Amino acid sequence: MFDYFGYGSNLDPASLRAKGVVPVSWTRGVVAGWRLRFNVAHFFRHEGGVANIERTGHDADRVHGVVLRLEDGDLAALDEAEAYPDGYGRTTVAVDTDNGTIEAVAYVGTPAFIDNTCLPSRRYLNIVIRGAELAELDPSYVEQLRRHPVLEPRVDPLFEHPAGDH
């Protein structure tokens, strides 16, 4: 068994199940000295940026999420879903919970995939918000998520066949 800190789409139980991960248990938690960003460039560019956490060292910066108790075999499923070790690396974070501080594994974007100009798609951010609501995270944190700017969908012209015989 191991503890995992979920802060992005992995806040949503449906998203986790789609990855083949079903937690044994979970609890809300906060990681101090880190901030939430959406700066990991998604493989599909229309999805914009996906969630990442960055260490700031400032106690006022906080990332809210859930500590999930998982079976050891779930690590491989998470690694695959998070494109480890290319898209995300792993680190250990101290998570403050109602039951004390827990050391948990968290995924952090790798430099090759960081793009600070990224914004999340509306679809992706909705998954994060739904997970935050289901986990009953701090309402002011959920409101910050709701107000986060999103990537505007690209409007491409309709396809037209080129002139000539084909």
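Me: Which residues form one aromatic cluster?

Reply: In this predicted model, the cluster consists of Y4, Y88 and Y107. Ring pairs are assigned when the centres lie within 6.5 Å. By that rule the count comes to four aromatic pairs.

Me: How is the geometry of the pair Y4 and Y107 read?

Reply: Planes over 60 degrees apart count as edge-to-face. Y4 and Y107 are edge-to-face, at 5.9 Å centre to centre with 65° between the planes. Y4 belongs to strand β1 and Y107 to strand β7, so the pair ties together parts that are 103 residues apart in sequence. Both Y4 and Y107 are buried.

Me: Why is the pair of F38 and Y124 edge-to-face?

Reply: The ring planes of F38 and Y124 stand at 80°, with the centres 6.3 Å apart, so this pair is edge-to-face. F38 sits in strand β3 (residues 34-41) and Y124 in helix α3; the two are 86 residues apart, and their pair links distant parts of the chain.

Me: Are F38 and Y124 buried or exposed?

Reply: Buried means under 20% relative accessible area. F38 has a relative accessible area of 4% and is therefore buried. Y124, at 8% relative accessibility, counts as buried.

Me: Helix α3 also packs with helix α4; what is the angle there?

Reply: The angle between α3 (residues 122-134) and α4 (residues 139-147) is about 170°, and their axes are 10 Å apart. Angles over 145 degrees count as roughly antiparallel, and α3 and α4 are therefore roughly antiparallel to each other.

Me: Which residues make the contact?

Reply: From α3 come L125, V128, I129, A132 and E133; from α4 come V142, L145 and R146. By class, the residues of this contact are six nonpolar, no polar and two charged.

Me: Turning to helix α2, which of its residues are buried?

Reply: In α2 (residues 74-81), the buried residues are D74, L78 and D79. To read a helix face, take the arc these residues cover around the axis. Here the arc is only 140°, which puts them on the same side of α2. A76 and E80 are exposed on the other side of α2.

Me: What do the buried residues of α2 pack against?

Reply: Their partners are α1 (13-18) and the strands β1 (2-6), β5 (62-70), β6 (88-97) and β7 (100-109). Strands β1 and β7 also hold Y4 and Y107, respectively.

Methods. Residues are numbered from 1 along each chain as its sequence is written. This is a predicted model: local features need pLDDT of at least 70, side-chain atom pairs count only at pLDDT 80 or more; totals for chains, interfaces and linings use all residues. Side-chain values use heavy atoms; hydrogens and water are left out. Axes are lines fitted to C-alpha atoms, for helices over the stretch in contact, and angles run from 0 to 180 degrees between N-to-C directions. Helices (H or I, at least four residues) and strands (E, at least two) are DSSP runs, numbered from the N terminus. Angles under 35 degrees count as roughly parallel, over 145 as roughly antiparallel, 65 to 115 as roughly perpendicular and the rest as oblique. Contact means heavy atoms within 4.5 Å. Ala, Val, Leu, Ile, Met, Phe, Trp, Tyr, Cys and Pro count as nonpolar, Asp, Glu, Lys and Arg as charged, and the others, Gly among them, as polar. Buried means under 20% relative accessible area, exposed over 50%, partly exposed in between (1.4 Å probe, protein chains only). The arc is that of the directions from the helix axis to the C-beta atoms. Rings of Phe, Tyr and Trp (its six-membered ring) pair if their centres lie within 6.5 Å; planes under 30 degrees apart count as stacked, over 60 as edge-to-face and the rest as tilted.
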